[in-house]
Structures are given as C-alpha cells and as structure tokens.
Amino acid sequence: MKTRVAVLKSMGLPRPYQISKPLHIEEVELDPPGVEEVLVKIKAAGLCHSDLSVINGDRPRPLPMALGHEAAGEIVQIGDHVKNFQVGDHVVFAFLPSCGHCIYCQTGRTALCEPGAKANSDGTLLGGHKRIHKGNQYYFHHLGVSGFADYAVASIHSLVKIDKHYPFEIAALFGCAVMTGVGALVNTAKMKFGDSVLVVGLGGVGLSAILGAKAAGASKIIAADISQYKLNTALEFGATDVIDSSSTNALEQIKDLTGGGVDISVEFAGAMPALNYAFNATKRGGTTVTGALPPPDAKLSLDPLALVGQEKTLKGCYLGSSVPLRDIPAFLELYHNGQLPVDKLITHRIKLEDINEGFERLATGEAIRQVIIFD
Ligand SMILES: [Zn+2]
Ligand SMILES: [Zn+2]
C-alpha cells in the first residue's frame, strides 16, 4: 500500500529547519506485515529530542531513515503468527522491541533486549526486515517505529495494547517521554516515598520525571535547567524549588535546600556539566541516574573518590529501565486517576507537513511536547 512518511536523508543540515527541511514528506510503498508483524494506522506521534539528535547528527543512524519513535495508533491488518493482537486494537509503540527470549527479557530487563538493540541499530524491524521503500530503495526504520507516517508496519514485540478510552495523543507520550522520565525514578533509581529528588534537564522526559516524583511521593522536587521558561514550567508541573543550573552557586543552593544534597538526581540534559552537577548534588549514599543521550565524543570526568568514600551510585537508564508491557498500562492508569497529568506536556498539536517547523521549535527550546495528529 502507499503511505506518507517523514524521511531523513542527510544529518547535520543547518538551522533553521523550516528552511533546510531535513525531513522530506514522501509517498512510499509499505509492504504488508510479515510474521509477527501488524499494520498500524498512526493516530498521534510525538516529537522527541532523540529524533532531533538524529537530525542534527549527535546520534548517527543509517540513512535514509523514516523517523519517529513515540507514537500510538490502531491496528488495521495483521500478519502471520500474530498472537494477542487483533484488528481494531489500540496500541502504543515501545521504541525498543522486547524479543521475550533473550537472557535480558527472560530476567525482566527488557530495556537491554539484545535482538531488540541489534534491530534498532541496524534500522530494521525485530525480524530483520525493512518494509518501507520507494522503488528498489528500502528505507531504514527508526527504533522499530517510524511513526511520523500515516501507516507503519511494526513487530508485535514493539507494541503494547491499551484500553480504547485513552486519547491517542496522550497514549503516544507513554512510549518514550513518560516511560523514560517516570521509569528513571521508580525503576532505575528505585525511588522511595519521601525521597528528595533533583531533575536536571527539563524537556518532555525531565518534566515527566517531575510528574513521576510527585506521584511517587517525593518530599522535595527540585528542578534545574538553564532556561527560565522551563523552570517556570517545572513549577506548574509540581516542582517545589527551581534552580538556574548556570548560576555560580547552583550547587550551594541544592545543599541549602536539602541540608547536604538530594537522595536521587536524574539527568536528561545530555551535557557533561549537567551530569556532573547532578552527581555532585546527591548526598552521601545518594543515587544519580542519567537517561540522556550525549554526543558520541562526550567523556565524563567525576570524582571517583566520592563513589567510594561517600558510597555514591551512578546508573545509566535506557527506556526508563521499563518493562513496557507492565509499565505502560500501569502509568496510563495513573494518568486516568489524575496522578500523572501528562496532558500538560503537550504544547503544540501539528500536522505532518509542519514537522520541520516543529523540530526548529524543539531545537530553540520553545516547545515541550509537540504531537502530530493524524486524521
Ligand atoms: Zn524519545
Ligand atoms: Zn530480548
């Protein structure tokens, strides 16, 4: 069948993106779903910083690639050997497939699924296939999703079925921003009721972490960023205190607010000074989690003695250390109950053809979550 997709053909084009137009909206051929694959009509897709990192070249991927990794939609066709899904199901995409068989999936660490990671780095679906092409040229899939499109073929191992009463624009956010931000606290850091929390880097993921900290009972929620607009937004999301992390006494402010440091800091800025700040802001015995994607040449230097003498912990976090099948429905319930008001994240609803303007807005920091709405 034919569908429109947003294709990236070269990385690192100059800004502004509404002029250089890194993403081309093209009509392409979509092959039918194969074994354990389904065809999804995309209803909503979010613009995320990790897409931007591919566009600007910080996170190189094989090209040409059909971009987009945060989406929700409805199944309209199923391939062979599809169990547990049927036509009409509403689904959220998880941007890392979980094969269910590797040692990591078998031990509950699906964020580390090896076949899933290989498919993602190869730019294929989990089964190793590419389904999008123009003539003889096949396009790479972005993280098994390629959600900036009217339709997508996906592995069932990239999908989570959800209740039909959730709006698609909300559900889409749970595939990346919410799963990562909330998961970093409750799964990776194993936050406890009453812990003090610092969130560094206030994009869609960081602001989701603030909502998660509030829902999980943090005693203090301190938000840090270099953008005053984002600090003001953080207060609306439930931060108890905000700190301009570019100020010279940013660390002293944390120590004053907490009497020595926070229990948990989570960092989503992708800049090494931000990670250093997060690490130094934790108290003795504290835990720092980083879920950002820094540029490939970034190197971290921190005081190793603090790891020992202060028993500090530094942990990496991918996909919020989540099990999507378990966490996405649970987090959606929290939204339904009013405890995770993630609708606050959406600052813009746009059309597919306005995607380059949308990424320019994201690059300038004028938007939190922009969601493409498909009719
Ligand atoms: Zn994302
Ligand atoms: Zn696996």
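This is a predicted model: local features need pLDDT of at least 70, side-chain atom pairs count only at pLDDT 80 or more; totals for chains, interfaces and linings use all residues.
Residues are numbered from 1 along each chain as its sequence is written, chains are lettered from A and ligands numbered from 1 in the order in which they are written, and side-chain values use heavy atoms, with hydrogens and water left out.

Cys102, in the loop between β6 (90-93) and α3 (103-106), and Cys113, in the loop between α3 and α4 (114-122), are 11 residues apart and link distant parts of the chain. Helices (H or I, at least four residues) and strands (E, at least two) are DSSP runs, numbered from the N terminus. Donors are N, O and S atoms within 2.8 Å of the metal (3.2 Å for Na, K and Ca); water is not among the atoms, so sites may look incomplete.

The zinc ion (ligand 1) is coordinated by Cys48 (SG), His69 (NE2) and Cys176 (SG), at 2.0 to 2.2 Å. The spacing of these donor residues in sequence is C-x20-H-x106-C. Cys48 lies in the loop between β3 (37-47) and α2 (49-55), and His69 in the loop between β4 and β5 (71-78), 21 residues apart. Cys48 is buried, at a relative accessible area of 3%, and His69 is also buried, at 1%.

Strand β4 (residues 65-66) pairs with strand β8 (residues 137-141) in the parallel sense over two bridges, where pairing requires that DSSP finds at least two bridges. Within this pair, Met65 is opposite Phe140 in β8. Both strands belong to a barrel closed by five strands in the order β1-β2-β7-β8-β4, with mixed pairing.

The lining of the second largest pocket comprises 19 residues, with Phe85, Ser98, Ile156, His157 and Leu325 nearest its centre. A pocket is an open set of points on a 1 Å grid over the protein atoms alone, where a 1.4 Å probe fits, with protein on both sides within 12 Å along at least five of seven lines; lining residues have an atom within 4 Å of a point. β10 gives the largest share of this lining, three residues.

Note on methods:
Buried means under 20% relative accessible area, exposed over 50%, partly exposed in between (1.4 Å probe, protein chains only).
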